[in-house]
Amino acid sequence: MAVNIDWSSLGFGYIKTPYRFVARYKDGKWSEGEIVTDDKIVISECAGVLQYAQTAFEGLKAYTTADGKTVTFRPDLNAERMAQSAARLEMPILPDGMFMRAVEQVVAANREYVPPYGSGATLYLRPYMFGSSPVIGVKPAEEYEFRLFATPVGPYFKGGVKPITIRVCDFDRAAPHGTGHIKAGLNYAMSLHAIVDAHRQGYDENMYLDAATRTYIEETGGANFLFVTKDGKVVTPKSDSILPSITRRSLCYVAEKYLGLTVEHRPVKLSELDNFAECGLCGTAAVISPVGKIVDHGKEICLPSGMDSMGEITQKLYDALTGIQMGSIKAPDGWLYEIK
Ligand code: PLP
Ligand code: COI
């Protein structure tokens with residue numbers, strides 16, 4: 001039965017779909033895990049997630065390809081990052097294969113919610129894990145839930161691929177040796193005030209700097225940066241407190257191997273901004289969202305690519321990446337995982 005959704009008008013919001021995956025960790029082991037219909041969770045008032053934010057999540061998408069297959073993009077890398085997040089937050093690692101099984105089963109069960117090819121929408125998958133048993137002294141919980149739900153989404157930023165304006169932010173996102181490199185819920189909680197404040201001041205997003213020296217560019221609240229120099233090189237910031245974006249890593253590969261561009265992954269100084277011709281935010285939700293203007297405490301840095309459309313190289317990267325994801329350009333081996 002076809003669902004009644006106007007795919008092209010979707011923003012990045014939550015729409016409840018019928019099926020989700022749940023597995024529970026108790027007495028030192030994970031349950032088998034199963035698909036359920038209930039979207040509600042009942043946990044102790046003193047659960048680790050509620051008291052001490054012991055939770056991490058992932059984000060990936062399912063696509064309908066040009067030839068009608070349902071695929072996900074590099075889910076093995078999300079599984080790997082989920083394990084890194086769990087380890088850093090003292091949560092149990094999932095058994096081998098469970099993450100992929102959850103992806104497969106949830107997408108298959110909700111297949112009619114995978115938007116059609118060319119609709120501009122995708123099925124966003126949200127795996128997450130949290131401490132579910134009571135803790136009152138500060139320590140890891142003894143019991144956990146791993147869940148994965150799906151929701152159809154459109155573009156993360158209103159206006160789709162129109163360039164956005166961002167500001168250099170005075171709040172920090174991640175400390176050196178902290179949790180910036182994993183997908184901990186706490187990183188996002190502490191970005192909420194900064195993003196509400198940015199919106200209030202008329203900006204679409206925050207550019208966070210390194211917390212120690214405030215001289216290097218890190219990332220935004222939900223995406224890595226990708227810059228293009230005036231001589232056509234792709235530059236992406238490197239730091240131990242940035243989330244290792246799967247989209248960014250894929251784009252760097254595509255830039256080099258498909259487009260023949262030079263790629264530099266290195267620390268990027270805030271003072272280098274004037275040298276760049278294009279800027280984009282890259283991530284699963286953001287795909288590549290072009291940045292037209294960066295405001296640093298009153299100083300406006302207007303990217304030469306302008307406020308009307310994506311820069312030329314950003315557009316090439318966008319077309320190549322989305323072409324690979326939707327099956328119109330041949331993907332490198334292992335990048336597309338078909339849901340049968
Ligand atoms: N940086 C942050 C802080 C994020 O939340 C995300 C989203 O997952 C990204 C970067 C992009 O990562 P990915 O491309 O793996 O989705
Ligand atoms: C994603 O891109 O999957 C994320 O988790 C980012 C989030 C801000 C929506």
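Colleague: Which residues lie nearest the centre of the second largest pocket?

Modeller: This is a predicted model, in which local features need pLDDT of at least 70, side-chain atom pairs count only at pLDDT 80 or more, and totals for chains, interfaces and linings use all residues. Residues are numbered from 1 along each chain as its sequence is written, chains are lettered from A and ligands numbered from 1 in the order in which they are written, and side-chain values use heavy atoms, with hydrogens and water left out. On a 1 Å grid over the protein atoms alone, a pocket is an open set of points with protein on both sides within 12 Å along at least five of seven lines, a cavity is a set where a 1.4 Å probe fits but cannot get out, and lining residues have an atom within 4 Å of a point. The second largest pocket has a lining of 27 residues, and those nearest its centre are Gly120, Val287, Tyr318, Thr322 and Met326.

Colleague: Which element gives the largest share of the lining of the second largest pocket?

Modeller: Helices (H or I, at least four residues) and strands (E, at least two) are DSSP runs, numbered from the N terminus. Two or more lining residues come from each of strand E5 (60-64), strand E15 (287-296) and helix H7 (312-325). The largest share, 5 residues, belongs to H7.

Colleague: How much space lies in the largest pocket?

Modeller: Its lining has 35 residues, with Tyr156, Glu205, Gly221, Gly222 and Ala285 nearest the centre. H5 (192-200) is among the elements that supply at least two of the lining residues, and H5 gives the most, with 3. Grid points are joined across faces, edges and corners, and a volume is the space filled by probe spheres set on the points. For the largest pocket, that space is about 750 Å³.

Colleague: Where does ligand 1 sit?

Modeller: A molecule sits in a cavity or pocket if more than half of its atoms lie within 2 Å of its grid points. By that rule, the site of ligand 1 is the largest pocket.

Colleague: Which elements give two or more residues to the shell around ligand 1?

Modeller: A residue counts as near a molecule if one of its heavy atoms lies within 4 Å of it. Around ligand 1 there are 17 residues, and Tyr188, Glu219, Ser245, Thr247 and Thr284 come nearest. The elements asked for are helix H6 (246-257) and strand E14 (276-283).

Colleague: What percentage of the area that ligand 1 exposes when taken alone does the protein bury?

Modeller: A polar contact is a pair of N or O atoms within 3.5 Å. A nitrogen atom of ligand 1 lies 2.5 Å from a side-chain N or O atom of Glu219, while oxygen atoms of ligand 1 lie 2.8 Å from such an atom of Lys183 and 2.5 Å from a polar side-chain atom of Thr284. Accessible areas come from the Shrake-Rupley method with a 1.4 Å probe. Ligand 1 taken alone exposes 380 Å², and the share that the protein buries is 96%.

Colleague: Which element gives the most to the lining of the largest cavity?

Modeller: There are 3 cavities of 30 Å³ or more, and the largest has a volume of about 80 Å³. Its lining includes Leu60, Tyr63, Ile246 and Thr284. E5 and H6 each supply at least two of the lining residues. The most, 3 residues, come from E5.

Note on methods: Polar contact = N/O pair within 3.5 Å; in protein donor to acceptor, adjacent residues only side chain to side chain.
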